[in-house]
Amino acid sequence: MEKILLLGSGELGKEFTIAAKRYGQTVIAVDSYANAPAMQVADDFEIINMLDGEALNRIVEQHKPSIIVPEIEAIRTSLFYDFEAKGIQVVPSAKAANFTMDRKKIRDLAAKDLGLKTANYRYATNLEELKKAVAEVGIPCVVKPLMSSSGKGQSTIKSESEIEIAWENANTKGRGDQLEVIVEAFIQFDSEITLLTVTQKSGPTLFCPPIGHRQERGDYQESWQPAHISEEQLKIAQDMAAKVTAELKGAGIWGVEFFLGEEVYFSELSPRPHDTGMVTLGGSQNFNEFELHARAVLGLPIPEITLERHAANAVVLFQKNEVKTPTYSGTEKAANYPKSDFRIFGKPTTRQYRRMGIGIAYDAVGTDVDTLRKKAKEVADQITVD
Ligand SMILES: Nc1ncnc2c1ncn2[C@@H]1O[C@H](COP(=O)(O)OP(=O)(O)OP(=O)(O)O)[C@@H](O)[C@H]1O
Ligand SMILES: NCC(=O)N[C@@H]1O[C@H](COP(=O)([O-])[O-])[C@@H](O)[C@H]1O
Ligand SMILES: [Mg+2]
């Protein structure tokens, strides 16, 4: 049996912990606040700032995990190389976690070293550089802190007058501690997908059926599986996902994000379960994304990944502009829909637009996904967070 140190304990970590516990493993859930979702289902917990190297070293010394599973990006991942050298399995690998927490490292690797098609991009470390970068990349463009996720600190610049506010936004709302941003040309895509990709300790790289999603404020609002995509574009995306995951090394599930238009653009990737992949909680696959991650991490074979149903999910957000202890209503109404379900993550506090749960809809393979999207949204909309 393995002892897993889970770094990050949100909704994704909670489902991963459930999957790992079902396979008989011990999980220590870590996050910066008490009673985080994964802590509610784990064996033990720790509360630390994961960007604090000393604190991270201390809990690794104390718990002596055999496996470290990062669940968020904002971690002092430079230490992962030492942990790996000491024989701890870092998931999927120290390099993968370290490169993907830094948009500069992963983008240069993908675009320059591997030659993947991406949006044109520049970096900037101050306002003057940002103005120059915007002029070079062109307007509209997207500005993102090097370390951030779920769209935190991200802005789309539509006119020169928005450059200064974008700089402020990136520096105050990102999740990391680097004062640098990436500026990307805005891609006018037709749709975007997440290609969940599984690398195994032994066995081939596997792909899940593509997941379609829609984002607002840089955060996903709904996702569905399978996404509409041509065989040709899917093959291009799979080739890029195989290339980048092979370069980053290790075993686990990866959420590889693409923009689809006339061409297929690689956007970024998470070396862990992806928020849009929560659609697999609707039973769309023989194994959901958390079970796939657990199997791959533990070195359990995954003979195949099959599409079992079509599914969709939509987020339940806290809408008000305040921070408080949440209460929920409308779950009875949400539960009334046939072939549907919901999840409440159990986050102890709310803030505006914080993701608190999801509504899920599913039906047989072949069902129109737009109908499922509509139902998932209706289910989610029944649930009110106050
Ligand atoms: N260059 C771009 N052109 C057009 N849209 C973009 C671009 N970059 C980002 N977006 C939009 O913003 C969304 C979030 O961007 P991105 O995935 O880079 O942010 P993130 O903070 O890493 O989010 P997460 O961690 O949730 O994946 C994308 O899914 C896409 O909808
Ligand atoms: N796009 C990344 C993503 O969705 N990550 C998920 O959100 C949690 C943080 O939520 P919070 O901001 O509500 O604490 C993370 O712990 C992870 O589960
Ligand atoms: Mg993303």
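Reply: Glu257 is buried, with a relative accessible area of 11%; buried means under 20%, exposed over 50% and partly exposed in between (1.4 Å probe, protein chains only). This is a predicted model, in which local features need pLDDT of at least 70, side-chain atom pairs count only at pLDDT 80 or more, and totals for chains, interfaces and linings use all residues. Residues are numbered from 1 along each chain as written, chains are lettered from A and ligands numbered from 1 in the order written, and side-chain values use heavy atoms, without hydrogens and water.

Me: Which residues does UniProt list for "binding site"?

Reply: UniProt positions follow the numbering used here, with shortened feature names, and annotations may be inferred rather than shown by experiment. The unreviewed entry lists Glu257 and Glu268.

Me: Which protein donors does the magnesium ion (ligand 3) have?

Reply: Donors are N, O and S atoms within 2.8 Å of the metal (3.2 Å for Na, K and Ca); water is not among the atoms, so sites may look incomplete. Here they are Glu257 (OE), Glu257 (OE) and Glu268 (OE), lying 2.1 to 2.5 Å from the ion.

Me: Is Glu268 buried, partly exposed or exposed?

Reply: Glu268 is partly exposed, its relative accessible area being 22%.

Me: With which side chain does that of Glu268 make a polar contact?

Reply: A polar contact is a pair of N or O atoms within 3.5 Å; within protein, one must be able to donate a hydrogen and the other to accept it, and residues adjacent in sequence count only if both atoms are side-chain atoms. The partner is the side chain of Arg103, at 3.1 Å.
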